[in-house]
Amino acid sequence: MHENSRRSESNASAASKTSASPASSSAAISAIKYAHQAEKLSHVAHEKDPDGPGTAIHAHYVTPQDPIIVMSDGGRLPGVPLAEAEKLNTLKEATDGEPADVIEDASPVDKSRDGSRPEAPKNGATIQKSGEGSLRKAMPPSRTNPLFPPLPLYGPSSITRDIQCWTFRTTSFFLSIGFLGIIVLGSAFTSIPLMCQHIWLRITFRDPDARRPFYEEEKKLKRVRKEDVRNWKRQRSRRNSKPKIDDKEDEAGRGEFIPTEGGPDPVICDVGYYARRVGLDMEEFKVQTEDGFIITLWHIYNPREFTPLSPAERAARGPDVFTGEPPSRPISSSQKPKFPVLMIHGLLQSSGAYCTNDDNSLAFYLCKAGYDVWLGNNRCGFKPEHTLLSYADPRMWAWNIRQMGVMDLPALISRVLSETGFEKLGLIAHSQGTTQTFVALAKEQRPDLGDKLTVFCALAPAAYAGPLIGKAYFKFMRAISPALFRIIFGIHAFIPFMLTMHTLIPGRLFGAMGYRVFSFLFDWTDDRWDRGLRDRMFQFAPVYVSAESMRWWLGRECFAKQKCILSTREEGHQEDAEDEMEEYYHRSSSQNHNETQPPSPHPTRPRRMSEARRKHERKPKGSTAWYDSHAPPFALWVAGSDDLVDGRKLLKRFERGREPHVRVVHTRIIEEYEHLDVIWAMDCIEKVGREVKEVIWRTCDVRDNVRVPRGCEEVEPWQDSQDDGWGGGDGTADKEREGPSQSSSEDVD
């Protein structure tokens with residue numbers, strides 16, 4: 001009887017446990033799944049990190065398409081595929097609120113001393129906070145733009161991952177060097193006819209450089225540089241023999257900008273050195289991006305009116321942007337400040353590209369004109385740095401153009417605004433720098449960034465591909481699969497052997513080789529450059545870029561396929577067809593019905609045209625716009641002989657009203673310019689620099705509170721009247737087209 005009683009009690013207890021088990025079992029399963037997913041996205045594996053500071057806590061969405069992984073100690077890791085980020089946050093939400101012992105037993109996350117789970121770090125004022133409210137509600141849909149396919153997921157170090165990495169590094173080392181060797185041989189082979197022509201002209205007592213467009217100016221500048229070297233040597237000898245007081249008197253009589261470096265050009269990769277040769281100087285800041293990269297920001301200044309900050313003041317701050325943090329040093333109120341300008345470089349370059357032409361360098365010209373010039377550099381550059389990751393970690397290199405725009409650009413703008421105390425700045429970008437800005441300002445990315453800019457000056461804007469993308473070697477990179485691309489070029493830096501050559505080869509030889517290789521690849525010439533400075537120009541390239549970034553540019557999925565940075569090829573064809581029909585019907589309606597109808601330049605079947613016209617009438621033009629009302633004013637300088645990108649197509653997009661929110665304040669097509677001429681041509685200050693200076697001043701929103709740049713005293717402020725001008729502008733955009741022998745300008749009504 002006692003046995004039956006005990007059996008009944010046992011059955012009752014079992015029944016009670018059975019009724020409670022489904023809820024607790026579900027919680028335990030969720031906690032276990034969350035722990036596994038967190039370990040998958042963590043900095044280091046759990047067995048190597050028993051205390052858990054490097055364990056993933058949640059995914060924070062900088063934009064709906066760009067999650068970053070936040071560690072329990074506040075560290076940041078670069079983004080992962082959307083599905084993985086969504087899974088982490090979904091499991092975290094399912095786990096939150098469950099019994100602490102269930103969560104803690106399953107999760108490797110660090111525990112505080114009182115046994116509670118640590119809170120996720122707060123990320124300050126960002127565009128979207130994943131920590132507010134329900135994580136599931138804050139989460140974007142798990143899909144990606146076809147122009148930006150998911151990046152690979154590598155996870156923390158493990159035997160399998162390390163073997164995979166070393167396999168890719170080994171294969172890519174040999175295959176990428178072989179690819180580079182073919183390019184070098186190709187450039188050497190195509191140089192043979194030029195060399196023969198050069199030798200023949202010398203034998204026949206003719207100067208091979210006489211046909212260059214700036215031949216006389218080049219000879220004059222060469223004589224000036226030789227004279228400067230002699231003067232520098234004489235000044236150095238006098239300084240060694242005269243008292244310091246006399247030396248200061250000599251400096252007082254030599255003007256505002258006194259060179260502190262001189263002599264023969266050693267041809268080195270040092271922006272500060274070339275700044276000092278023209279009487280300026282440079283200080284380097286470290287900037288942390290929201291995904292943990294440490295990037296460099298160079299400040300160009302006049303040493304006679306500015307004292308550089310200490311290394312501690314120039315060190316990287318936290319990852320949050322636009323927090324309202326004050327300058328590292330209180331701003332002097334003795335005189336009006338200069339308006340800040342940020343400059344961003346092109347592909348495979350650093351911002352030193354703006355500093356290679358002595359006083360004709362765009363950065364030095366704007367600084368001496370009266371602007372506060374800052375030069376921004378994208379992630380990795382000459383020295384890859386991250387708060388958690390090392391060079392060998394493949395996660396260090398899992399990024400492309402979108403991360404440059406969404407992460408790097410806001411971090412640079414935020415630091416400049418913080419250090420200068422301004423609310424807005426003027427942005428200048430060249431080539432890839434324009435691409436990352438176009439991407440960042442898009443309404444699906446970080447449109448609020450436009451509120452921080454008074455104007456965006458795009459030099460050789462890279463939004464549409466030019467005919468050069470059809471060359472054989474570019475077709476090869478587009479033809480190979482993503483897997484084969486990674487076998488050839490790896491999953492780390494893109495052909496890092498180029499940086500090794502840069503270190504080992506003397507500057508002048510490397511400059512000559514760099515020019516030949518890039519000229520072969522991109523059909524550039526140095527016809528309009530100062531050939532005496534050409535070797536210096538290639539000291540600031542190449543830099544470290546990720547293989548994923550180059551795959552975005554040249555691989556089969558993204559830019560090389562779509563021929564555009566923000567529209568697919570199908571969308572582009574549809575827009576072109578709509579525009580052609582609109583032009584056709586506009587011509588038709590403007591003609592007399594008795595006249596013969598001219599044929600369309602692009603014949604289409606009448607039925608299809610009428611059907612497409614009806615669709616077009618139902619679909620507003622702005623429905624495919626890339627930008628919203630946050631877009632800043634745009635100013636564009638297009639190189640008319642640029643085969644790398646198609647700037648004219650971008651101008652047509654604005655002219656046709658595809659971007660109703662974009663206000664184009666200035667455009668210019670310089671017919672004879674190639675891609676790099678907008679920053680390196682001997683007359684780039686006349687044709688680009690002066691206009692950039694004036695456009696920035698025209699659009700400056702604090703003209704009464706800053707110094708007036710030299711030469712801008714008569715420049716009238718731009719009136720943002722929001723009238724129906726072309727490109728959504730104010731109707732008074734400057735539009736210029738210049739050919740080799742003539743220049744014309746007209747207002748756009």
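Of the elements that line the largest cavity, α15 contributes the largest share, 7 residues. The model is predicted: local features need pLDDT of at least 70 and side-chain atom pairs count only at pLDDT 80 or more, while totals for chains, interfaces and linings use all residues. Residues are numbered from 1 along each chain as its sequence is written, and side-chain values use heavy atoms, with hydrogens and water left out.

**Terms**
- A cavity is a set of points, on a 1 Å grid over the protein atoms alone, where a 1.4 Å probe fits but cannot get out; lining residues have an atom within 4 Å of a point.
- A volume is the space filled by probe spheres set on the points, which are joined across faces, edges and corners.
- Helices (H or I, at least four residues) and strands (E, at least two) are DSSP runs numbered from the N terminus.

**Largest cavity**
- The structure holds 5 cavities of 30 Å³ or more, and the largest contains about 720 Å³ of space.
- Its lining has 43 residues, with L347, L348, F518, L521 and F522 nearest the centre.
- At least two lining residues come from each of α5 (159–203), α11 (432–441), α12 (472–479), α14 (497–504), α15 (507–522) and α17 (547–554).
- This lining has 34 nonpolar residues (Ala, Val, Leu, Ile, Met, Phe, Trp, Tyr, Cys, Pro), 9 polar (the others, Gly among them) and no charged ones (Asp, Glu, Lys, Arg).

**Second largest cavity**
- The second largest cavity has a volume of about 170 Å³.
- Its lining has 17 residues, with Q65, V80, L151, R402 and Q403 nearest the centre.

Methods
1 Å grid on protein atoms, 1.4 Å probe; cavity = no way out; pocket = protein on both sides within 12 Å on 5 of 7 lines; lining within 4 Å.
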